[in-house]
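Good morning, colleagues. Please look at the sequence and the model on the screen while I go through its chains in turn.

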Amino acid sequence: MRFQLAALSLRRHASRTLLAVLGVAVSAAMLLDMVMLATGMRQSFASLLGRNGFTIRVSPRGTLPFDTEAMIGQAHQATDAIRRIAGVTAVAPVLGTTIHVLGGRGPATAFALGVDPAVQGDYQLLEGQNPAANALVASDALLRATGARMGDTLDVAVGFDPQLRTFTGRRRVIVAGRARFTYLSADDRAAALPLASVQAMGGAGRSDRVSLFMVRTAPNVDPEATRVAIERVLPRVTALSTAGAIAEAERRLSYFRQLAFILGAVSLIVGFLLVTTIVTVSVNERIGEIAIMRAIGVSRIHVVHQIVIEGVGLSLAGAAAGLLLGVFTARWLNSILRGFPGLPDAIDFFLFQPNSAFRALALLVASGIAAGIYPAWRAASLPISATLREEAVG
Amino acid sequence: MLAPLVMALALTPDALCAQRIDSIPPWRVAVRTVAIDERLAVDAGLRVGDMVVLAAEPGRASGDTVRISAIVRRRADPSEVARSEYRIRMHLGGLQDLIGYGDRVDRYAIATAGGVAADSALRRINALAFGFHAYPSREIAVETSKTFVVVSRFHRAIGMITIVASATFLLCIMLLKVDERRRDVAAMRLMGISRATVVRAVMLESSFVALLGSLFGVGLGFVVSAFVNAHYQGVYRTPLRFAIITPGTVTYSVLLSLVLGIGAGALAARRLSRTPPLTLFGR
Amino acid sequence: MSGQPLLLVRDAHRDYPRSAEAVHAVRGVSLDVAQGEYVAIVGPSGCGKSTLLNLLGAIDRPTTGSVTIGGTAVSALPDNAATRFRLTNIGFVFQRFYLLPVLTAQENIELPMAEAKVPSAERRGRARELLGYVGLAARADHRPAELSGGEQQRVAIARALANRPIVLLADEPTGELDARTGGDVIALFDRLNRDGMTIVVVTHDEKLAGAARRVIHMLDGRVIRDEPLLLRRA
């Protein structure tokens, strides 16, 4: 009968109950979104980095991959040195540069990667073949910008001399394939060519140089130990494990984690305050009824149960509505943050993870329980006769 | 782009625009000198007068031996906030020699007398130049600000959600407060007090609470923004101000909270005044 | 009506401490109520009769003295035990009915039985039976707002009888009723007593006091006169 009484009490002031549920729902949605934000970036980034099985990135000392235009010289020697380290199963060299695609609709600039197609981890082939010498694979954005199609020949260059207004490092290449570039956004114009081609086109400035190595290790090997070994054999590089890269990304985006924590805490407090207020006012309105229940023999703890059930009911209904609202608002907020320039397509800021989500909402419901306890206990502990007398006079 | 071991902005001495906070008088300089940023000085334990070797690539044993003649504080540039790179300022020729760049630069920054002079200079440069293009600084600012446009949109979205939550909470509380006093209102109505008077009384109270609340909120906003600035200036080691409260922000916030508070009061008062007095008594 | 008294009050005092001086609501009251008696407690406002009723009902505890009901010293019981005792042994009727507005008449009667963990089918049956007893079988599904004052008080009486109490206590049960409906309630109390229920009422209503078999007069917290049945009929 306690559940029935609680439900009837909530229905008694339907508009008030509805508003309270709505308020709790918005708090729950905000809390859920902040939990998704706090964990989403890390999960999403970790998933992106681990996608092709490369556990270590090697870049010029003191820099992060593609953070500057610094390069690693004596790339062949470096490749061999890394391959000789126990536990290393593959080494993928990458050279980043800008290319200009000439002719057709006019020069189009794109980001180009010189890779070893046999061990690359930068793109996923959608159509066609990996690039051989004098061929490239292109992103859809580049193909649209140049009007090129599979099999077309493009005139590309890696440099531009502004004094002479001429393009340098020119070569004619065939569009061998269409690809989705893992670490770039869908709107980025990008191409991948064989490493040797890009180095040759770059002239002396890029001979035997790379921007980055991606390293794959055996499953039972500790990437951290391999990372340390790489830095030992190659003092001129910085090796970053996936965990280290995630930590660095989190450091740079620490603002969002802190915002998520603060807003999440505020949402929890607001939800708690709302339920406390509703329950307190509801109890104050029914002091006389509560005294009667005590007078006819309903125990204090059962009175508290009934009132706490009301608080839990509000919180549960609000949490359920908040779950739906939270998923919807997370999509909206995620679409805003995905507007960051250059953000890889695979990165999401808000990621729904059932365990984290339900833990957060359970916390909100628990706060609903706590919110009801104090006003309920206070009301159930009032002296019965005095309360009845005051209610009679009132 | 310039690509030495550490990022360097090679400027002629007269064009230094960073704040020099510690320096040696020029007549005491004997070798080539550089200015380093505060962050590098702290992290590497460097001081004015120290000798360092600059190299274009890591691991090179030899390079350019220079003396640190100044430690500078960076400007509050939002686009540099999340980057943890160090900066060195040196004479243009020295950097060109160091990295083998020859007689080349990446860009010029041009100062003009004013708006009209800037536009005409822009036109003349673009008419004469070959192989490069001049842009007004504000266009560059727009391009480099795209990240912050996204952050602003995100903040606005969070703000909208917060406003919806606050409005719901406020309406709930106003209804509760009004419900608590329904018997008093019922007694007043039975005595002959008009509906309009009841509504005015409730509206006056809600306006007062909204005004007090908004003033308190503005005060709290100042305190929180001071804390936010202090915190993130420490985290990112930058003089950049992350939260700025402008007169416009204050006006908007106060007006919005007044509208929400008075609106909630109006809704609650309307509900109360429309209920017959005997119903308010529970009969 | 011989044997051990059902209700036993010995030198009960109830004081309320105030800032200036204590209020002595009940001063040294001693009385016995036998099984099956119908007792009315009368006196001017503030004489302590409602306070005495609260002591008898284990709703309140005497400052000194003792109250024993059915052999149990209720004045010495801790709160939980007193609550339990009230639930299963005492039926209380109030001046203002105090039915829960969100429950129907039948559900209001079922409430104390639900608390006593009576199975739902059994309590539904008993509630209907009690509604029939008080003449409101047709109003089982009506909420208090849909019942007249007299009907609400009869539902309150039925609720007080739900767990088969050993004594029925009533505080001004006709206080909010007009003469006709008050008469209905008085008749119901009479019927209950003839059916064996021990009843103690506190009242200003002369008719209700006149229907009782014994009248106790109180003044300033003391019993000043106790008129048993024989004397009154004379």
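This is a predicted model: local features need pLDDT of at least 70, side-chain atom pairs count only at pLDDT 80 or more; totals for chains, interfaces and linings use all residues.

Chain A has a radius of gyration of 31 Å, whereas a compact globule of 394 residues would have one near 21 Å; the radius is taken over C-alpha atoms, and the globule rule is 2.2 Å times the number of residues to the power 0.38. Along the principal axes, the C-alpha atoms of chain A fill a box of roughly 100 × 50 × 35 Å.

Residues are numbered from 1 along each chain as its sequence is written, and chains are lettered from A and ligands numbered from 1 in the order in which they are written.

Chain A contains twelve helices and twelve strands, which are DSSP runs numbered from the N terminus (helices H or I, at least four residues; strands E, at least two). Of its 394 residues, 46% are buried, a residue being buried if 20 or more other C-beta atoms, placed from the backbone, lie within 10 Å of its own.

Let us turn to the contact between chains A and C. Here 17 residues of chain A meet 19 residues of chain C, contact requiring C-beta atoms, placed from the backbone, within 7 Å. On the chain A side, α1 (2-12), α9 (287-295) and α12 (384-393) each supply at least two residues. Which helix gives the largest share? It is α9(A), with five residues. By class, this side of chain A has eight nonpolar, six polar and three charged residues. Nonpolar covers Ala, Val, Leu, Ile, Met, Phe, Trp, Tyr, Cys and Pro, charged covers Asp, Glu, Lys and Arg, and the others, Gly among them, are polar.

Within chain C, four strands form an open antiparallel sheet in the order β2-β1-β4-β5, where two strands pair if DSSP finds at least two bridges between them. The edge strands of chain C, each pairing on one side only, are β2 (23-33) and β5 (72-73). Strand β4 (residues 64-69) of chain C is joined to β5(C) by two bridges in the antiparallel sense, and Ile69(C) has Thr72(C) in β5(C) as its bridge partner.

Finally, chain B is divided into domain 1 (7-99), domain 2 (109-144) and domain 3 (147-280), with bounds from an automatic or database domain assignment. Six residues of domain 1 of chain B are in contact with seven residues of domain 3 of chain B.

How values were computed. Two residues are in contact if their C-beta atoms, placed from the backbone, lie within 7 Å. A residue is buried if 20 or more other C-beta atoms lie within 10 Å of its own, exposed if 12 or fewer, and partly exposed in between; C-beta atoms are placed from the backbone.
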